[in-house]
Amino acid sequence: MSWKLFTLLVQAAGATALFSAVAVAAGIVLGLLVSGAVLSHAKPLSAAARLYVSFFRGVPLLVQLLLVYHLLPVLGLNVSSATAAIIALTLCTAAYQAENLRGAFLSVPRGLIEAAEMVGMTPWQRFVRIEAPIALRLAIPALLNEAVAILHASALISVVGVIELTKTARDLAASTLEPLPLYATAGLIYLVMNTVLVQGGRFAERRYKVRAA
Amino acid sequence: MNFDFNLVAGYLPAIGWAALTTIGLWIVALAASIVIGLAIAVARLHGGLLVEAALRLVVEAIRGTPFLIQLFLLYFGGPFVGLTMERLPAGLLALSVFGGCYMSEVFRTGIRAVPRGHIEAAECVGLDRWQILRRILLPEMMVLVLPAGTNIAVGLIKETAVLSVIGVPELTAVISGIGSETYAFVEALTLLSLCYWALVEICARLGRLAEQRLSLYRFAA
């Protein structure tokens, strides 16, 4: 395999990293909202949010991807396949992150919330200043696992023709007739990104550890 | 938009077969994953430093890369090293090794969590190594790993969908094929989602049921 092919793969890995990062970041925001809805005292809201989590965790990402890809144009939204892929990845990861964040919110120490009530914080202040920062820190290990899962899952968006690492490896393998080195190299690049992510996450975990919870 | 399930209704027998294929693939891959996972876990714990290092490399490589890449590497790259396989066996092999590596991690923690005293007690009453493994270590570990094992089993159902990419005739391949034939993509894919959702829910519930029943055998550590 030539140097030229390798640089093409590395460039494509940039796209993979970008797609994954955007989906994870958007997924955290959506996941926060969904976990709030699951924990809400309004029954219909909570039931709807639970249905959302159950559906997106119960259906393979590949199927969600195909569904979003074909559903959006029918609904009159003509978006590129890359946008459809990011939407599907985000919807999926939000369901998993909502589940992680729900657990984290439930383990925010009760005393801290009561103290915040005592000093007269409004529910919104309490959420923004006390609950959300602590829950997010508690959820770092789980969010990290989810980020790794999305990095791997982003390989599936090659199926709807989005250009990223797997799609590039596939195209190059078809044109050079050398699938073995190309897929092996693509795998190694994923492994490197995976390791960087895990090590970075461990660092964040240590740095933002919740002390004396 | 028109939403008309009648468009796909005519294909129900084909969809039924595809669902059976998916379930069959899942059961075989799950059984193989458990065997492979157990073998890797026991070999890593008792096989010496060299075996441990080599297996660790394999497990980390499989757990660190997307399944799709592994599948492509085996199916398209395999023939270049004399490993030519049909779609179905290639898909099954890839899925089993993938599942086995994840299972091995669960089993490893499970085996290490079996209290040392139970094994010493078994040694004292004169059980040999094989008996200890079969009667003490594995049964106690099974109870411990059930929740995590169920998660992986559920994950494997969803992973079977990826096999459609190399053309294994399972649910995803067949139903999206019907979608392209009838142009009823949304109907077909909705049906497909419901099929997987039902499968996953059933499997997760069975897992919880087994957990409840086996919790009778839980022991104080």
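# A two-chain helical model

Chain A has nine helices and zero strands. Helices (H or I, at least four residues) and strands (E, at least two) are DSSP runs, numbered from the N terminus. Along the sequence, chain A reads α-α-α-α-α-α-α-α-α. This is a predicted model, in which local features need pLDDT of at least 70, side-chain atom pairs count only at pLDDT 80 or more, and totals for chains, interfaces and linings use all residues. Residues are numbered from 1 along each chain as its sequence is written, while chains are lettered from A and ligands numbered from 1 in the order in which they are written.

The C-alpha atoms of chain A fill a box of roughly 70 × 45 × 25 Å along the principal axes. Chain A holds 213 residues, of which 41% count as buried. A residue is buried if 20 or more other C-beta atoms lie within 10 Å of its own, exposed if 12 or fewer, and partly exposed in between, with C-beta atoms placed from the backbone. Now take the contacts in chain A between residues at least 6 apart in sequence: 75% join residues at least 24 apart. Here, two residues are in contact if their C-beta atoms, placed from the backbone, lie within 7 Å.

Chain B also has its own count: nine helices and zero strands. Its pattern along the sequence is α-α-α-α-α-α-α-α-α. The C-alpha trace of chain B spans about 70 × 45 × 25 Å along its principal axes. Of its 221 residues, 38% count as buried. Among chain B contacts between residues at least 6 apart in sequence, 76% join residues at least 24 apart.

Next, the interface. In it, 29 residues of chain A are in contact with 27 residues of chain B. On the chain A side, the elements giving two or more residues are α2 (43–58), α3 (61–74), α8 (165–176) and α9 (179–207). The largest share, 10 residues, comes from α9(A). By class, this side of chain A divides into 21 nonpolar, seven polar and one charged. Ala, Val, Leu, Ile, Met, Phe, Trp, Tyr, Cys and Pro count as nonpolar, Asp, Glu, Lys and Arg as charged, and the others, Gly among them, as polar.

A:Leu5 is found in helix α1. It is partly exposed because 19 other C-beta atoms lie within 10 Å. Leaving out residues up to four places away in sequence, A:Leu5 touches A:Leu172 and A:Leu182. A:Leu5 and A:Thr185 are 180 residues apart in sequence, yet 10.0 Å apart in space, C-alpha to C-alpha.

Helix α7 of chain A covers residues 140–153. Its 14 residues should span 20 Å at 1.5 Å a residue, and its end C-alpha atoms are 19 Å apart, which agrees. The expected span is 1.5 Å times one less than the number of residues. The buried residues of α7(A) include A:Ile140, A:Leu143, A:Glu146 and A:His152. What covers the buried residues of α7(A) includes α1 (3–39), α3, α4 (81–106), α6 (123–138) and α9 of chain A.

Two packed helices are described by the angle between their axes and the distance between the axes. Axes are lines fitted to C-alpha atoms, for helices over the stretch in contact, and angles run from 0 to 180 degrees between N-to-C directions.

Start with helix α2 (residues 12–46) and helix α7 (residues 129–159) of chain B, which pack at about 135° with axes 10 Å apart. That angle makes α2(B) oblique to α7(B). Angles under 35 degrees count as roughly parallel, over 145 as roughly antiparallel, 65 to 115 as roughly perpendicular and the rest as oblique. B:Trp26, B:Ala29, B:Leu30 and B:Ser33 in α2(B) meet B:Ala153, B:Leu156 and B:Ile157 in α7(B). This contact has six nonpolar, one polar and no charged residues.

The second pair joins α2(B) to helix α3 (residues 48–63) of chain B, with axes that come within 8 Å and cross at roughly 140°. These two helices are therefore oblique to each other. From α2(B) come B:Ile40, B:Ala43 and B:Arg44, and from α3(B) come B:Val51, B:Glu52, B:Leu55, B:Arg56 and B:Val59. The residues of this contact divide into five nonpolar, no polar and three charged.

Last, helix α8 of chain B runs over residues 171–182. Among its buried residues are B:Leu171, B:Val174, B:Ile175 and B:Ile178. Just after α8(B), B:Tyr183 takes a positive phi of about 60°.
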